[in-house]
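This report is written for a reader who has not seen the structure before. Please look over the sequence and the model before reading on.

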Amino acid sequence: MKDPTHFDILRSRATQHNVRQVFDELTAAYPQFEYWSGSHNKMLHHYERGGLVRHTCEIVELGLQAIPTLNLCEKVDPIEFYLAALFHDTGKMYDYVKDGEGWKPCQHRRMIHHLPRSCIIWHDIASKFTEVNARYHDLVLHAILAHHGRREAGSPVAPLTRVAWLLHLCDGISARMDDVERLDIVSHTTHGLRAGT
């Protein structure tokens, strides 16, 4: 039996947290979610095909494991966290277009960017589920808007809830762990060029 994919893990977590219908609605409306890149730049995180799902899965797993580790079981709703993590970067499906073997930014990224588009996707899908929408709409919206942490990094609001902070921190861990290999490559290449090698 083959190992589960990142997509399989996200779907399994959706089932575990009783939001499988929301996950299925997202992936039916946006089938490209499963293979989309998380970046337009080979030197940045999650550039590869399926990078968006890998990044999303990493955040979901980091956050859900952190909740009991940090004694947050009474303070953080894992469903709220899962939904915020699932939708936080969905707007990237509008920011980049396939370009041969890679990805390139498009006009949407320059004019709108993924944060507001992720909010629109969340709003449109959540509104189809009365109970989910009533309980989580604004909380998840806030976490999505705040997941870059501060205005200078692109967030219109700073994190004000534990879920928003946890999403921001897990997003940073996932991105930086992937970036470090590329930074090593850049550093090594730049050092070699300076040394004349």
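## Basis of the model

This is a predicted model, in which local features need pLDDT of at least 70 and side-chain atom pairs count only at pLDDT 80 or more, while totals for chains, interfaces and linings use all residues. Residues are numbered from 1 along each chain as its sequence is written, and side-chain values use heavy atoms, with hydrogens and water left out.

## The chain as a whole

The protein chain has 9 helices and 2 strands. Helices (H or I, at least four residues) and strands (E, at least two) are DSSP runs, numbered from the N terminus. Read from the N terminus, the order of elements is α-α-α-α-α-β-β-α-α-α-α.

The protein chain has 197 residues, of which 47% count as buried. Buried means under 20% relative accessible area, exposed means over 50%, and partly exposed lies in between (1.4 Å probe, protein chains only). The chain exposes about 10,700 Å², and carbon and sulfur atoms supply 55% of that area. Accessible areas come from the Shrake-Rupley method with a 1.4 Å probe; for residues, only the protein chains shown count as cover. Among contacts between residues at least 6 apart in sequence, 61% join residues at least 24 apart. Contact here means heavy atoms within 4.5 Å.

## Helix α2 and its partners

Two packed helices are described by the angle between their axes and the distance between the axes. Axes are lines fitted to C-alpha atoms, for helices over the stretch in contact, and angles run from 0 to 180 degrees between N-to-C directions. Helix α1 (residues 6-16) packs with α2 at an angle of about 140 degrees, and their axes are 7 Å apart. On the α1 side the contact is made by F7, L10, R11, A14 and T15, and on the α2 side by R20, F23 and T27. These residues divide into 4 nonpolar, 2 polar and 2 charged. In this grouping Ala, Val, Leu, Ile, Met, Phe, Trp, Tyr, Cys and Pro count as nonpolar, Asp, Glu, Lys and Arg as charged, and the others, Gly among them, as polar.

Helix α2 (residues 20-29) also packs with helix α4 (residues 78-87), at an angle of about 5 degrees and with the axes 12 Å apart. The two helices are therefore roughly parallel to each other; angles under 35 degrees count as roughly parallel, over 145 as roughly antiparallel, 65 to 115 as roughly perpendicular and the rest as oblique. V22, F23 and L26 in α2 meet Y82, L83, L86 and F87 in α4. The residues of this contact comprise 7 nonpolar, no polar and no charged.

## Two buried residues in helices

L83 is found in helix α4 and is buried, with a relative accessible area of 0%. Leaving aside neighbours within four places in sequence, L83 is in contact with V19, V22, W122, V132, Y136 and V140. L83 and L141 are 58 residues apart along the chain, and their C-alpha atoms are separated by 9.8 Å.

S174 is found in helix α9 (residues 162-194). Is S174 buried or exposed? S174 is buried, because its relative accessible area is 3%. Its side chain makes a polar contact of 2.7 Å with the side chain of H55. A polar contact is a pair of N or O atoms within 3.5 Å; within protein, one must be able to donate a hydrogen and the other to accept it, and residues adjacent in sequence count only if both atoms are side-chain atoms. Not counting residues up to four places away in sequence, S174 touches H46, H55, E58, I59 and L62.

H148 is found in the loop between α8 (130-146) and α9. H148 counts as buried because its relative accessible area is 19%. The side chains of H148 and H147 are joined by a polar contact of 3.3 Å. Leaving aside neighbours within four places in sequence, the contacts of H148 are H113, H114, L115, A153, G154, S155, H168 and D171.

H113 is found in the loop between α6 and α7 (114-126) and is partly exposed, with a relative accessible area of 23%. H113 has a positive phi of about 80 degrees although it is not a glycine. N18, in the loop between α1 and α2, is likewise not a glycine and has a positive phi of about 60 degrees. N18 counts as exposed, at 69% relative accessibility.

M111 has its place in helix α6 (residues 107-111) and counts as exposed, at 61% relative accessibility. M111 and D95 are 16 residues apart along the chain, with their C-alpha atoms separated by 9.5 Å.
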